[in-house]
Amino acid sequence: MPENSTLDPEELNLIELRLAEIKGGIDSISKRIPDKIPGIYLWYNSFYNLSVGNDFYSEFITAIKSPKHAPRTGRLNPDGEIELTSKPLLNKEEPIRLLANKKSFQNNFKKLISEHSQLFQPPLYIGKSKNLKQRIRSHLGIDSPLRNRFNEVNIDIDKCVLVMIETPQNYAKESEIELYEEIFSRLFNPTFTLRYG
């Protein structure tokens, strides 16, 4: 929280960053996050790259048909294993193609999805940290596990929308931050979270 902030210590402070709009990489992003604040954070796909024009339909359909999560495997007792894969299907491809080729749809959809994409999707990932700046820097690192999981399904973490919620000062203990993360994760079912808590 900025030093001269007048926020009530009981209130949540929310920071939203559209990383595709921030030039200068990790350092520029870090400067927008207050030092040493605890809280939870949510990553969203931004769909920033849809361009109005002749290529709109191919970009649009690629986004629709792209995997929504990386493959996951788990034990199936007593001695089996099961794999969950993402295989999006599109049943109404021809009517969607006709609609997607209309300039009015392209303009309206691009504006809606670029400005408000997080309203139409669950978070990709929800995490917690006693130091949000430090944790976000680690996620943005070139070989971070989260970056690599996103890359598996062609999501560029550098173009995502990041929402950080500073926990109130009286909830700054790690056990209470974990409860915030647990509640948000169970409410919104983030697709790239491998386990809760």
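N154 counts as exposed, because its relative accessibility is 71% (exposed means over 50% relative accessible area, buried under 20%, and partly exposed in between, with a 1.4 Å probe and protein chains only). Its place is the loop between α6 (145-151) and β6 (161-166), where helices (H or I, at least four residues) and strands (E, at least two) are DSSP runs numbered from the N terminus. N154 is not a glycine, yet its phi is positive, near 60°.

Please keep in mind that this is a predicted model: local features need pLDDT of at least 70, side-chain atom pairs count only at pLDDT 80 or more, and totals for chains, interfaces and linings use all residues. Residues are numbered from 1 along each chain as its sequence is written, and side-chain values use heavy atoms, with hydrogens and water left out.

**Backbone details in loops**
- K36 also has a positive phi, about 50°, although it is not a glycine.
- You will find K36 in the loop between α1 (25-31) and β2 (39-44), and K36 is exposed with a relative accessible area of 69%.
- N77 and P78 are joined by a cis peptide bond, with omega about 0°.
- P78 sits in the loop between β3 (72-76) and β4 (80-84).

**Strand β6 and its partners**
- Six of the six residues of β6 are buried, so the strand is largely enclosed by the rest of the structure.
- Both faces of β6 are covered: one side carries V161, V163 and I165, the other L162, M164 and E166, and all are buried.
- Strand β1 (residues 13-18) runs antiparallel to β6 and is joined to it by six bridges; two strands pair if DSSP finds at least two bridges between them.
- Within this pairing, L17 stands opposite L162 in β6.
- β2 is likewise antiparallel to β6, and six bridges join the two.
- Here Y41 stands opposite M164 in β6.

**Aromatic pairs**
- The whole structure holds nine aromatic pairs; rings of Phe, Tyr and Trp (its six-membered ring) pair if their centres lie within 6.5 Å, and planes under 30 degrees apart count as stacked, over 60 as edge-to-face and the rest as tilted.
- F56 and F109 make an edge-to-face pair, at 6.4 Å centre to centre with 85° between the planes.
- F56 belongs to helix α2 (residues 56-65) and F109 to helix α4 (residues 103-116), so this pair ties together parts that are 53 residues apart in sequence.
- F56 is buried at 0% relative accessibility, whereas F109 is partly exposed at 22%.
- F56 and F109 also form one aromatic cluster together with F60 and F105.

**Helix α7 and the segment after it**
- L179, I183, L187 and F188 make a nonpolar surface patch of about 410 Å².
- Patches are made of residues with over 30% relative accessible area and no salt bridge, joining like charges within 9 Å and nonpolar side chains (Val, Leu, Ile, Met, Phe, Trp, Tyr) within 5 Å; a salt bridge is a side-chain nitrogen of Lys or Arg within 4 Å of a carboxyl oxygen of Asp or Glu, and accessible areas come from the Shrake-Rupley method with a 1.4 Å probe, where for residues only the protein chains shown count as cover.
- F188 is found in helix α7 (residues 174-188) and counts as partly exposed at 39% relative accessibility.
- T193 lies in the segment after α7 and is buried, at 7% relative accessibility.
- Leaving aside neighbours within four places in sequence, T193 is in contact (heavy atoms within 4.5 Å) with R72, L124, Y125, I126 and R149.
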